[in-house]
Amino acid sequence: MLIESVAALRARQAELSELWAGLERRVLVCAGTGCVAGGALEVHAALTQATEESALDVSLELSSCADRDGPGGTLLVESGCHGFCELGPLVHILPDDILYTRVRPKDAAAIVEKTLGAGEVIDRLLYKDPVSKEPRQGHGEMGFYAHQKRVVLARCGEVSPASLDSYLATGGFCALATALDTLTPEEVLREVEQSGLRGRGGGGFSTGRKWRSALRAREARPDSRLHVICNGDEGDPGAFMDRSIMEGDPFAVLEGMALGAFALGSTRGYIYVRHEYPLAVRRLERAIAVLRDAGLLGERILGCDFSFDLELTRGGGAFVCGESSALMRSIEGKPGEPRAKYTHSTDRGLFDEPTVLNNVETWALVPYIVDHGAAHFAAIGTERSPGTKAFSLVGKVNNTGLVEVPMGTTLRRIIFEIGGGIQKGRAFKAVQTGGPSGGCLPAEKLDLPVDFDTLTAAGSMMGSGGMIVMDERTCMVDVAKYFIDFLMGESCGKCVPCREGLGQLSSLLAQVTRGEGSESLLSKVESLAETMELASLCALGRSAPNPVLSTLAYFRDEYLQHIEKQRCPAGVCKALVTYRITEACTGCEACRKACPVGAITGEKKVLHVIDDALCTRCGACEAVCAFDAVLVE
Amino acid sequence: MHSMQLNGRLVNFEAGQTLLEVARANEVPIPTLCHHPGLESHGGCRLCVVEVTRAEWDGWWRMVSACEFPAADDLIVATESERLSRTRRNVVDLLLARCPETPFTVALGRDFGLAKSSLAPRAEPDDCILCGLCVRVCAAVGAHAIAGADRGVHKQVGPPYAPPSFERPPGLAPAGDCIGCLCCAEICPTGHIRYENNAQGREIWGRSFRVVECASCGAPLGTPEQLDHFAARSGLSRDYFERCDACSKLDTARAFDQQVMGEGTS
């Protein structure tokens, strides 16, 4: 449906907001990648069928709620990620705030009959507190949600990502409407500058300054075009913030880019999304098509003197293409290799023309800033890192998922209050922030406020927001080696320090995990790390030694134990550990049956024995032992 | 006129020059490996790193590749320091571990005081140091027959869409767009790109080419593909390329002589 003017858009927004406010109930089935993999689409289909068979007044689209006499009824939709991926598929019922976890299609009839029909809560589908084992009814009662502040994720899990109507009903495109009829491009740019927004992709560079320099570069070259690019090539292991935003609120990303284009006088934008995110690609492509039909993208948007269109480019699976200069070369159709950024891409970026590249989360925050004003945004978070930040909280925490907190929130609060502490009551050992090139911070650093500058000063970095929590059973040498090996496979191979340095670091760390080497090996590691940090061509190589340097800084003793005592304190490095069965063994035979190489012998009710020569240290015996009788030392 | 500080000395430069160009113009040596004045800068070897700072940077400095960093007014550049020596030596050490037997890297190591690499040598080394000169010269010629393939420690030079090295016989992968001009082999500093001129013609990149001889003197000229390419690229007639340089010159001189002398005597 074509919206022809700003006035028509505002009228449509008012109409839809009224419908939205009049809804009696909303049933949101999470259709993020995690829940879809768990069967959320089948749950949605089962709920749809069950409601059709009931006498309830249920609509599948916001606009069809208007077809009846008065407002009201229930809206049942597939939404973006709710964040609590750990317990998907999730079904959230509002305004009652009932969160059902691990829902199966066979639960649909009960949900429709009992909860939607009779207003009863089904206890067995509720989340149980990991400590007290008490059921918790909804977000309000769960630490995971109670300590979050959702700004960029506000719509994720609240609306259908496919529905422009829902986006409009919840304040979407208000910012663009305001920009088009009351603000000048300069005023939009100034709003972004004054908000203090810093790029959420990793570097934390001031977004306003980036925009300003690109605008100046373009003014200096009047014949050139200015491009805006959205970096959706999120490749850090364990990170899925940007994916969730693209899947859960695609219109916000597109509106942010349109606002940027308006402020910068750009007519052409690109979204670069990694090929491994098919759902994000599909939802963005659909959103772009819907906006073109509505006249919100393309020639003369809303009948105003502003034209802007977008193209989606899929990445081919190279981690390094998340680096801005490599990404631009990839869009140009060239091999994704970075170039030295001695000339900034704001000056000469895509096709050698002035370019503004921001990541998904940064773009998605722009409508919020224009809508609520710079001062409102700057008041959230800390002075030098205003706003909120989305993190993907994974690893050995009880509650894993997508979280958003104000900048300056401590690591402790994120891990223990939102994350619900460490699994199985084990001790916290380290948290890895900033993706593979980030660093590992120990327990002493738990009270650090999370912002760009503090994390960098502590030897890690914000990165795009991955947060991997490790417990006492994690070997820090093994972790460092894991990340170095990841980067070794993903280095583009253009410059010597990164390409050859990572290969050498990997083999040096492998020696440590085998208990070989001496202190001089560690100085070799440090010397190579220095060369990589100083001399590598791009940020991937320059930050690649971080996992080694931060673990050496905070867990040096663990390295020394490997080298000097041939001991892996966490019991991980296979060459250095032995598995032994203690007196606690009841002779239940579980481990004997589980051992894939037949290394365990023992009769029923007789102490079992592991033959060390046959044992491959796979840990299967330890995993099945119900009596904690398998000792790893 | 622009000026900057180079190793404590005020030097002039022209807009658009790189630090390497300014240093060379002032006879300040900077080691390079992947640089060639006729080709686009690559910035891959990192041997030409130098330290740059500015008075207003309050002691903050950065290490940059001189072959790419643009000279700028009031920049303060140091081409030698303890840290730079250590970095360059480590870079050479890494290359020596990559190509432990290659005469070129062995000589390079000797220049930097390394009899052998202090690091683990590559398991099955070849002579390629991945400087990218061959790829850039092929692009400059306009053939674009080879490129960097794969990434990280597996990176290699080869034709686009070639099967991975473990799925094909050893040696260079067949390059379909190769014109057999030998530029890549000539520019390769380590002799990794091998070729053969024999009675049947020329072999390189898994391809066999016929070699055309000079129409006048019979000296070997190049492959027909190469002459076609040069003719198409230059817009000159193919005939122009069918004589060797010496014969072309001779022909021109004769024609000139005939014309001038002929006019003089008439």
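In the predicted model, the side chain of A:T409 makes a polar contact with the backbone oxygen of A:P406 at 2.5 Å, a polar contact being a pair of N or O atoms within 3.5 Å of which, within protein, one must be able to donate a hydrogen and the other to accept it, with residues adjacent in sequence counted only if both atoms are side-chain atoms. A:T409 is placed in the loop that joins β13 (401–406) to α16 (411–418) of chain A, where helices (H or I, at least four residues) and strands (E, at least two) are DSSP runs numbered from the N terminus. With a relative accessible area of 11%, A:T409 is buried, the term buried standing for under 20% relative accessible area, exposed for over 50%, and partly exposed for values in between (1.4 Å probe, protein chains only). Apart from neighbours within four places in sequence, A:T409 has contacts with A:I414, A:L448, A:P449 and A:V450, contact meaning heavy atoms within 4.5 Å.

Residues are numbered from 1 along each chain as its sequence is written, while chains are lettered from A and ligands numbered from 1 in the order in which they are written. Local features need pLDDT of at least 70 and side-chain atom pairs count only at pLDDT 80 or more, whereas totals for chains, interfaces and linings use all residues; side-chain values use heavy atoms, with hydrogens and water left out.

Two further loop residues were examined. A:P105, in the loop between β5 (98–100) and α4 (108–118) of chain A, is partly exposed at a relative accessible area of 38%, and beyond its neighbours within four places in sequence A:P105 is in contact with A:E42, A:V43 and A:A46. B:H144, in the loop between α4 and β6 of chain B, is likewise partly exposed, at 49%. Not counting residues up to four places away in sequence, B:H144 touches B:C138, B:A139 and B:D177; B:H144 and B:D177 are 33 residues apart in sequence and 7.1 Å apart in space, C-alpha to C-alpha.

Between the chains, 30 residues of chain A are in contact with 34 residues of chain B. The area buried between chain A and chain B (the accessible area, 1.4 Å probe, that two parts lose on being put together, summed over both) is about 2700 Å², with 56% given by carbon and sulfur atoms. Of the area that chain A buries against chain B, A:Y342, A:R499 and A:L534 supply 26%, more than any other three residues.

The largest cavity has a volume of about 120 Å³, and of its 17 lining residues B:C128, B:C134, B:C188, B:H192 and B:I193 are the closest to its centre. The second largest pocket has a volume of about 1300 Å³; 41 residues line this pocket, with A:R329, A:R339, A:K494, B:E40 and B:S41 nearest its centre.

Definitions and conventions. On a 1 Å grid over the protein atoms alone, a cavity is a set of points where a 1.4 Å probe fits but cannot get out, and a pocket is an open set with protein on both sides within 12 Å along at least five of seven lines; lining residues have an atom within 4 Å of a point. Grid points are joined across faces, edges and corners, and a volume is the space filled by probe spheres set on the points.
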